[in-house]
Amino acid sequence: VLLSPAGDVYGSFTYLALNVVGPNNGGALKRLDVRRAIALAVDKAACVQLFGGPRVARALYQAVPSSTAGFRRGADRDVTPGDRGNPAAARALLAQAGYPNGIKLRLAYPNIPSGVTIAQTLQVSLKRAGIDVRLVPSLLSDLYGRLLSNPENARRGEWDMALAGWAPDWYGDNNGRAVIAPLFDGRQFGPNSMDYGGYLNRDVSSAIDRAITAPSA
């Protein structure tokens with residue numbers, strides 16, 4: 001995540017969107033163990049350095065940054081020593097999911113300087129865990145305007161992972177509806193949905209409904 005403005009307010013974050021509706025590898029990304037393996041394999045410290053270092057960026061361990069309603073202190077997930085990733089733990093999860101020999105995935109990314117360097121770093125760190133990444137560059141406008149905005153591309157398996165970014169529309173109370181709802185409410189999956197990979201979880205959707213209609217923070 002990137003620091004903006006000053007203080008512990010992280011204005012935007014870069015993340016891996018995962019395609020959970022595609023057919024590749026027998027629909028491997030539908031499996032939680034595979035998705036967790038990816039999370040454990042990423043060398044977040046290297047990504048932070050590419051974004052300017054720890055003074056302006058930090059690793060993210062939850063689905064939302066600390067400046068978003070819904071962030072919970074102490075609820076971090078898949079933390080690794082020094083944020084360098086844990087290839088052994090990732091390999092174990094892949095084996096548990098039925099992929100003892102690793103897996104091949106396609107990573108779509110914007111063909112801009114920061115996108116290229118982050119994609120290459122992800123390719124290297126995931127390789128250590130047995131995840132062979134094929135890089136699929138796109139113009140920034142094409143990535144969002146064509147590939148990710150059309151759910152049929154996800155269903156056909158044109159991409160498995162995508163390097164994407166997001167930021168809340170505002171800061172302060174109740175801004176989770178500008179982050180959690182568009183990214184994780186799979187009931188809205190369709191053309192121009194921000195839930196690019198078709199994530200849908202009944203419990204998450206129910207929690208979103210309760211949060212949006214709650215009478216107080």
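The second largest pocket has a volume of about 170 Å³. A pocket here is an open set of points on a 1 Å grid over the protein atoms alone, where a 1.4 Å probe fits, with protein on both sides within 12 Å along at least five of seven lines; lining residues have an atom within 4 Å of a point. The volume is the space filled by probe spheres set on the points, which are joined across faces, edges and corners.

Please bear in mind that this is a predicted model, in which local features need pLDDT of at least 70 and side-chain atom pairs count only at pLDDT 80 or more, while totals for chains, interfaces and linings use all residues. Residues are numbered from 1 along each chain as its sequence is written, and side-chain values use heavy atoms, with hydrogens and water left out.

Which elements each supply at least two residues of this pocket's lining? They are helix H5 (113–127), helix H6 (140–147) and strand E5 (161–166); helices (H or I, at least four residues) and strands (E, at least two) are DSSP runs numbered from the N terminus. Among the lining residues are Phe51, Ile118 and Tyr144. The lining divides into eight nonpolar, four polar and no charged residues, where Ala, Val, Leu, Ile, Met, Phe, Trp, Tyr, Cys and Pro count as nonpolar, Asp, Glu, Lys and Arg as charged, and the others, Gly among them, as polar.

I turn to helix H4. In H4 (residues 87–96), Pro87, Ala90, Leu93 and Leu94 are buried, that is, under 20% relative accessible area, with exposed over 50% and partly exposed in between (1.4 Å probe, protein chains only). These four cover an arc of only 125 degrees around the axis, which puts them on the same side of H4; the arc is that of the directions from the helix axis to the C-beta atoms. Ala88 and Gln96 are exposed on the other side.

Finally, the salt bridges. The whole structure holds eight of them, each a side-chain nitrogen of Lys or Arg within 4 Å of a carboxyl oxygen of Asp or Glu. Asp78 lies in the loop between helix H3 (44–50) and H4 and Arg36 in helix H2, so the pair ties together parts 42 residues apart in sequence. Asp142 and Arg146 form another, at 3.3 Å, N to O, and both lie in helix H6, four residues apart.
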